[in-house]
Amino acid sequence: MPPVDISARTEYAVRAMLILAEASATASGPVSVESLALRQSLPRKFLETIAADLKNAGLLRSTRGARGGYALTREPRDISLGDVFRAVDGPLAEVRGLRPHETQYEGVAEHLPTVWVAVRASLRSVLDETSLADVLSGELPERVAALAADPDAWRNR
C-alpha cells in the first residue's frame with residue numbers, strides 16, 4: 001500500500017471548502033472561483049475543475065450572474081473532510097486499485113487484508129469525524145486532537 005498521500009487536488013479542495021464554510025457561517029452568499037483562488041493563492045483553472053467535482057458530488061451548488069459563485073449544499077458541520085477527499089480523489093484507501101477488503105493473499109501474507117482494512121478504518125476515524133466546521137473553529141474532535149497532541153505524530157519516520 002502506498003503511503004497516504006494527500007494530493008494537491010484534495011488539499012486545494014479542503015482549503016476552498018473552508019472558505020465556503022466561512023461564507024456559509026456568515027451568510028455572505030456565493031463565492032466566485034476567482035475569490036476562492038485569490039484568498040488561498042490557488043491556481044484558478046485547477047480550482048475550477050475541483051469545484052466541478054465537488055458540485056458533481058453534491059457538496060456545492062453554483063449560482064450564475066454577477067453575484068454568482070459557489071456555496072455549500074449543507075451546513076459546514078454536516079460535511080466531513082472524508083466527504084471532500086472522496087469527492088475529488090475517490091476512496092480513502094486502495095491497494096493496487098482494489099479496496100482493502102477486496103484484497104486476498106496466500107501464505108505468509110494471508111492476514112494482510114486485515115491490516116489494510118485497519119488502515120482505512122484509521123483514516124475514516126479522523127476524516128469522517130472531522131467536519132469543515134470543526135476545522136474552521138479549531139475545535140477538533142477529541143480523538144483527532146489527541147492524535148495530534150502526541151509529539152511523535154509530528155515526527156518524520
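Modeller: Gladly! Let's start with a term: buried means under 20% relative accessible area, exposed over 50%, and partly exposed in between (1.4 Å probe, protein chains only). This is a predicted model, where local features need pLDDT of at least 70, side-chain atom pairs count only at pLDDT 80 or more, and totals for chains, interfaces and linings use all residues. Residues are numbered from 1 along each chain as its sequence is written, and side-chain values use heavy atoms, leaving out hydrogens and water.

Biologist: Is phenylalanine 46 buried, partly exposed or exposed?

Modeller: Phenylalanine 46 has 31% relative accessibility, so it counts as partly exposed. Tyrosine 12 is at 17% and therefore counts as buried.

Biologist: How is a pair of aromatic rings described?

Modeller: By the distance of the centres and the angle of the planes. Rings of Phe, Tyr and Trp (its six-membered ring) pair if their centres lie within 6.5 Å; planes under 30 degrees apart count as stacked, over 60 as edge-to-face and the rest as tilted. The whole structure has 1 aromatic pair. Tyrosine 12 and phenylalanine 46 form this edge-to-face pair, with 5.6 Å centre to centre and 80° between the planes.

Biologist: Which helices does the pair link?

Modeller: Helices (H or I, at least four residues) are DSSP runs, numbered from the N terminus. Tyrosine 12 lies in helix H1 (residues 8–25) and phenylalanine 46 in helix H3, so the pair links distant parts of the chain, 34 residues apart.

Biologist: Which residues of H2 meet H3?

Modeller: Contact means heavy atoms within 4.5 Å. Val33, Glu34, Leu36 and Ala37 in H2 meet Arg44, Leu47 and Glu48 in H3.

Conventions. Helix = DSSP H or I, 4+ residues; strand = E, 2+ residues; numbered from the N terminus.
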